[in-house]
Amino acid sequence: MTASVITYTAMWGQEVDVTPPVIMRRCPRGYPRLAFRGELAHDRDRHEILWRRQQTAPGRGPQLTGRVHSYRQRRAMDDLLCHVDAVSALGGHLLRGGPERTGDRPLFLLSCTEVREGHITAVPPVCYRCAPRVAGARHRQRRPYTAVLVDEVRPWGVSGLLHDPVSVPLRPTTASLVPVGYRSAHARWVVAHQALVSLHGITPVRPRLRNAAA
Ligand SMILES: [Zn+2]
């Protein structure tokens with residue numbers, strides 16, 4: 001996300017956290033795990049990870065720079081939607097440096113200078129219409145980034161508040177968000193805030209920039 005581009009996944013001032021208190025409860029397979037008081041079916045994803053509850057009020061209050069709305073971020077990752085305008089992020093990208101077939105691959109603009117196979121990110125892709133604007137904003141702000149086309153996007157885990165299972169009452173181990181893989185033993189003790197994916201079959205590219213020579 002860039003400060004000068006209003007994005008679909010951005011969090012707004014009135015989108016307050018309404019996550020219920022957490023308790024420990026045994027899952028159907030008998031293992032203890034984190035649960036909500038008054039837990040609802042949609043509080044967990046298909047990996048049985050518990051997700052924070054957050055009010056949905058896009059556009060109300062100030063846009064909170066650097067913060068994302070958990071449900072919209074998760075939806076963009078699940079469906080590979082553009083994190084700016086929520087349309088499909090597959091294919092159609094215009095690249096610099098001559099014609100190149102992009103196929104139906106999604107484009108990710110990552111805030112790092114080197115991207116390796118299996119790179120894990122919380123930032124959903126960007127569609128071909130929005131990519132020039134987002135990349136142009138990064139250039140103007142002198143924020144380094146790497147653009148990559150991706151053959152395969154795999155669900156990896158979540159970023160969330162990891163709880164200490166022996167604390168009474170149950171409380172997070174740290175106030176910071178912690179990356180937790182779906183296969184990790186910690187997955188039972190996290191309240192997710194963002195979905196994480198891993199990127200495979202990556203090709204670094206240079207997207208065209210608005211108001212820049214192609
Ligand atoms: Zn877009």
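Just past the end of α2, R142 has a positive phi of about 55°. Keep in mind that you are working with a predicted model.

**Exercise 1.** Find the buried residues of helix α2 and work out why they lie on the same side of α2.

*Solution.* 
- Step 1: Go to residues 131-140, which form α2; A131, V134 and A135 are buried there.
- Step 2: These residues span an arc of only 95° around the axis, so they sit on the same side of α2.
- Step 3: Recall that residues three or four places apart point the same way, because an α-helix has 3.6 residues a turn.
- Step 4: Now look across from the helix: its buried residues pack against β6 (107-110) and β8 (146-162).

**Exercise 2.** Which strands pair with β8, and over how many bridges?

*Solution.* 
- Step 1: Begin with β6, which runs antiparallel to β8 and is joined to it by four bridges. Here L110 has T146 of β8 as its bridge partner.
- Step 2: Move on to β10 (190-205), which pairs with β8 in the antiparallel sense over 14 bridges. Look for G160 opposite A192 of β10.
- Step 3: Finish with β9 (residues 178-181), also antiparallel to β8, with four bridges. V158 faces V180 of β9 in this pairing.

**Exercise 3.** Which residues touch the most other members of the largest nonpolar core?

*Solution.* 
- Step 1: This core has 44 residues, and V126, A131 and V190 have the most contacts with other members.
- Step 2: Nine residues, the largest share, come from β8. Of the 17 residues in β8, 12 are buried.
- Step 3: Zoom in on V126: among the residues it touches are L107, L109, A131 and V134.

Conventions. Residues numbered from 1 in each chain as written. Predicted model: local features only at pLDDT ≥ 70, side-chain atom pairs only at ≥ 80, totals over all residues. Buried ≥ 20, exposed ≤ 12 C-beta atoms within 10 Å, placed from the backbone. Helix = DSSP H or I, 4+ residues; strand = E, 2+ residues; numbered from the N terminus. Arc of directions from axis to C-beta. Contact = placed C-beta atoms within 7 Å. Core = buried A, V, L, I, M, F, W, Y, C linked by C-beta atoms within 7 Å. Pairing = 2+ DSSP bridges.
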